[in-house]
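Here is a short report for a reader who is new to this structure. Please look at the sequence and the model first.

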Amino acid sequence: MDAMTLLHERSSMGKLTGPAPSPEQMEAIYRAALRAPDHKELRPWRFIEFSGEGLERLGELFAEAEYREDPSIEDAALDAARKKPLRAPMIVAVVAKVTPDVEKVPKIEQVISAGCAAHGILLAAHALGLGAMWRSGKYAFDPTVRKGLGLEGEDELIAFIYLGQLAGRHKPIAEHRLSDFVERWT
Ligand SMILES: Cc1cc2nc3c(=O)[nH]c(=O)nc-3n(C[C@H](O)[C@H](O)[C@H](O)COP(=O)(O)O)c2cc1C
């Protein structure tokens with residue numbers, strides 16, 4: 001796939017199945033992530049990869065988050081939380097590892113850089129013929145999950161990227177009128 005086709009046609013896939021991406025594929029994917037633009041080379045990225053029992057441990061963390069929020073929660077709801085990560089054979093959590101008070105690189109720039117890294121993961125996965133979907137949801141902002149994943153200070157959990165083999169068809173790509181988004185000063 002040539003680069004412009006990839007940029008024009010990348011699309012998300014929520015229906016994913018095994019096997020998980022291979023170690024070689026993941027290396028190529030992380031190398032793409034590490035090409036994110038990065039002001040002052042802070043490398044404000046951390047990737048936590050979950051597969052196998054790791055996905056179950058993440059599910060336990062989600063269930064714990066639910067329980068802490070509402071100790072009277074029903075077992076069925078706890079179970080639903082536990083099962084959320086099992087929708088894919090692999091998840092990569094992308095953390096913006098924020099260094100506070102860096103001159104000329106405020107937090108927002110570091111978070112944007114991590115967002116670019118996440119996009120790099122999506123693009124590389126698509127280029128490799130894998131399915132990928134960026135999810136956040138309430139767990140990305142939950143204090144129990146943040147603590148369980150070792151986030152500190154101003155770090156932000158910006159993505160849970162679900163990865164695997166395609167188990168459905170890509171939805172048609174939305175057509176946009178460029179004039180709705182682009183202004184030109186000439
Ligand atoms: C920061 C961020 C968080 C997202 N969180 C979710 C989510 O929790 N659940 C979801 O269904 N889609 C979420 N999405 C959107 C999907 O990843 C996807 O981009 C969207 O469904 C459009 O599909 P496309 O990427 O094929 O255009 C999120 C996107 C971004 C950028």
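The report goes from the whole chain to single residues.

## Basis of the model

This is a predicted model: local features need pLDDT of at least 70, side-chain atom pairs count only at pLDDT 80 or more, and totals for chains, interfaces and linings use all residues. Residues are numbered from 1 along each chain as its sequence is written, and side-chain values use heavy atoms, with hydrogens and water left out.

## Overall build

The protein has six helices and five strands. Their order from the N terminus is α-β-α-β-α-α-β-α-β-α-β. Helices (H or I, at least four residues) and strands (E, at least two) are DSSP runs, numbered from the N terminus.

The C-alpha trace spans about 60 × 45 × 35 Å along its principal axes. The radius of gyration is 18 Å; a compact globule with 186 residues would have one near 16 Å, which agrees. That radius is taken over C-alpha atoms, and the globule rule is 2.2 Å times the number of residues to the power 0.38.

## Surface, contacts and charge

Of the 186 residues, 39% count as buried. Buried means under 20% relative accessible area, exposed means over 50%, and partly exposed lies in between (1.4 Å probe, protein chains only). The accessible surface comes to about 11400 Å². Carbon and sulfur atoms hold 53% of that surface. Accessible areas come from the Shrake-Rupley method with a 1.4 Å probe; for residues, only the protein chains shown count as cover.

Take the contacts between residues at least 6 apart in sequence: 81% of them join residues at least 24 apart. Contact means heavy atoms within 4.5 Å. The protein has 24 positive and 28 negative charges, and their mean positions are 3 Å apart. Lys and Arg count as positive, Asp and Glu as negative; His and the chain ends are not counted. The place of a charge is NZ of Lys, CZ of Arg, CG of Asp or CD of Glu.

## Aromatic pairs

A pair of aromatic rings is described by the distance of the centres and the angle of the planes. Rings of Phe, Tyr and Trp (its six-membered ring) pair if their centres lie within 6.5 Å; planes under 30 degrees apart count as stacked, over 60 as edge-to-face and the rest as tilted. The count comes to three aromatic pairs. In one of them, the ring centres of Y30 and F47 are 5.6 Å apart and the planes stand at 40°, so the pair is tilted. Y30 sits in helix α2 (residues 23-33) and F47 in strand β2 (residues 45-51), 17 residues apart, and the pair links distant parts of the chain. Y30 is buried, at 17% relative accessible area. F47 is partly exposed, at 23%.

The rings of F62 and Y139 have centres 4.1 Å apart and planes at 10°, so this pair is stacked. F62 belongs to helix α3 (residues 53-69), and Y139 to the loop between β4 (131-135) and α6 (143-148), so the pair ties together parts 77 residues apart in sequence. Both F62 and Y139 are buried. Ring pairs link F62, Y139 and F160 into a cluster.

What does F47 touch, not counting residues up to four places away in sequence? The list is Y30, A33, L34, V92, A93, V94, A117 and I121. F47 and A93 are 46 residues apart along the chain, yet their C-alpha atoms are separated by 5.6 Å.

S113 lies in helix α5 (residues 107-127). S113 is buried, with a relative accessible area of 4%. Beyond its neighbours within four places in sequence, S113 is in contact with A36, P37, D38, P44 and W45.

## Loops and backbone

Most residues other than glycine have a negative phi, and most peptide bonds are trans. A cis peptide bond joins G18 and P19, with omega about 0°. P19 lies in the loop between β1 and α2. S22 is found in the loop between β1 (16-17) and α2. S22 is partly exposed, with a relative accessible area of 23%. S22 and G164 are 142 residues apart in sequence; C-alpha to C-alpha, they are 9.7 Å apart in space.

E41 is not a glycine, but has a positive phi of about 50°. E41 is found in the loop between α2 and β2 and is exposed, at 58% relative accessibility. R43 is not a glycine either, and has a positive phi of about 50°. R43 is found in the loop between α2 and β2 and is partly exposed, at 49%.
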